[in-house]
Amino acid sequence: MDFTRRNILALGSGAFAVATFAGLPAYASKTDDAIAAFTGGAGVTDGGVVMTAPEIAENGNTVPVAVSAPGAVSIMVLATGNPTPAVATFNFGPLAGARSGSTRIRLAKTQDVIAIAKMEDGTFRRAGATVKVTIGGCGG
Amino acid sequence: MAKGVKPRVKVPKTAAAGDVITIKTLISHKMESGVRKDGDGNVIPRSIINRFVADFNGQNVIDVTLEPAISTNPYFQFDAVVPEAGEFKFTWYDDDGSVYETSKKIKIA
């Protein structure tokens, strides 16, 4: 086979695309694993959860995030683009005034932040928000 | 116990019975990754808060599991029902075994 300049360029870009896509699912599957561990494999439907996060976070070290889900037993927050996606799990007790909580989290880069809520009836709901991060919060 | 740990909690002084109040908590806490070494080459033990619990008169309000992705000086804001006069108790659990506690009394007005 003759390697023309055009062929080599095509090969190169193909290999690059494969490499990029191979790199991404590593984080995605970690997130899926974390969700599966929380839900026990049950289906997750959209809606029923409100997640408040800034559109652009200048400092990835402290990104204010608020979650609220009326009727939830617990809410898990996941950062899909962090090396470890788990962020926090809020478990509500009998004296919780509202099924909501807010905290500050670290985000390594621009990514989706997901909240999964476990409802009193045993179903799972989710909500997400994309946060643009100017300076990442994991060193470097 | 890690140095310079100072819990700060904001709870209203009074509330009507059955009211829902908002509580804000912040604990000054320098995280320690557990990877750094001191001058002698010994690993400095990891010190990251992994659990936060708020109770009112022994009944649970909120129980949060923290992962390292929570920022330094963990901050929480949440709502609580106040059925009677009593005391809120806040507890933070550290990876190095330390437990930080603080409490706030609330009166019924």
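**Pocket**

I started with the largest pocket, which has a volume of about 330 Å³. The model is predicted, so I kept the thresholds in view: local features need pLDDT of at least 70, side-chain atom pairs count only at pLDDT 80 or more, and totals for chains, interfaces and linings use all residues. Side-chain values use heavy atoms, without hydrogens and water; residues are numbered from 1 along each chain as its sequence is written, and chains are lettered from A in the order in which they are written.

My pocket term: on a 1 Å grid over the protein atoms alone, an open set of points where a 1.4 Å probe fits, with protein on both sides within 12 Å along at least five of seven lines. Its volume is the space filled by probe spheres set on the points.

I then listed the lining (residues with an atom within 4 Å of a point). It has 14 residues. Nearest the centre lie Arg106(A), Met31(B), Ile48(B), Pro68(B) and Ala69(B). By class, the lining holds seven nonpolar, three polar and four charged residues. Gly counts as polar here.

**Interface**

Next I looked at where chain A meets chain B. Contact (heavy atoms within 4.5 Å) takes in 24 residues from chain A and 26 residues from chain B. The buried area (accessible area lost on being put together, 1.4 Å probe, summed over both parts) is about 2,000 Å². Carbon and sulfur atoms give 52% of that area. On the chain A side, Leu95(A), Arg104(A) and Arg106(A) lose the most area to chain B, together 34% of what that side buries.

I counted polar contacts (N or O atoms within 3.5 Å, one able to donate a hydrogen and the other to accept it). There are 14 such residue pairs between chain A and chain B, both residues at pLDDT 80 or more. Strands β6 (86-92) and β7 (96-105) of chain A each supply at least two residues of the side that touches chain B. β7(A) gives the most, nine residues. That side divides into eleven nonpolar, eleven polar and two charged residues.

**Salt bridges**

How many salt bridges run between chain A and chain B? The count is zero, with a side-chain nitrogen of Lys or Arg required within 4 Å of a carboxyl oxygen of Asp or Glu. One is Arg99(A) with Glu120(A), 3.9 Å from N to O. Arg99(A) sits in β7, while Glu120(A) is in the loop between β8 (111-119) and β9 (124-135), 21 residues apart.

**Chain B**

Last, chain B has zero helices and eight strands (DSSP E runs of at least two residues). Its C-alpha atoms fill a box of roughly 55 × 20 × 20 Å along the principal axes.

Note on methods. Buried area = accessible area lost by both parts, 1.4 Å probe. Polar contact = N/O pair within 3.5 Å; in protein donor to acceptor, adjacent residues only side chain to side chain. Helix = DSSP H or I, 4+ residues; strand = E, 2+ residues; numbered from the N terminus.
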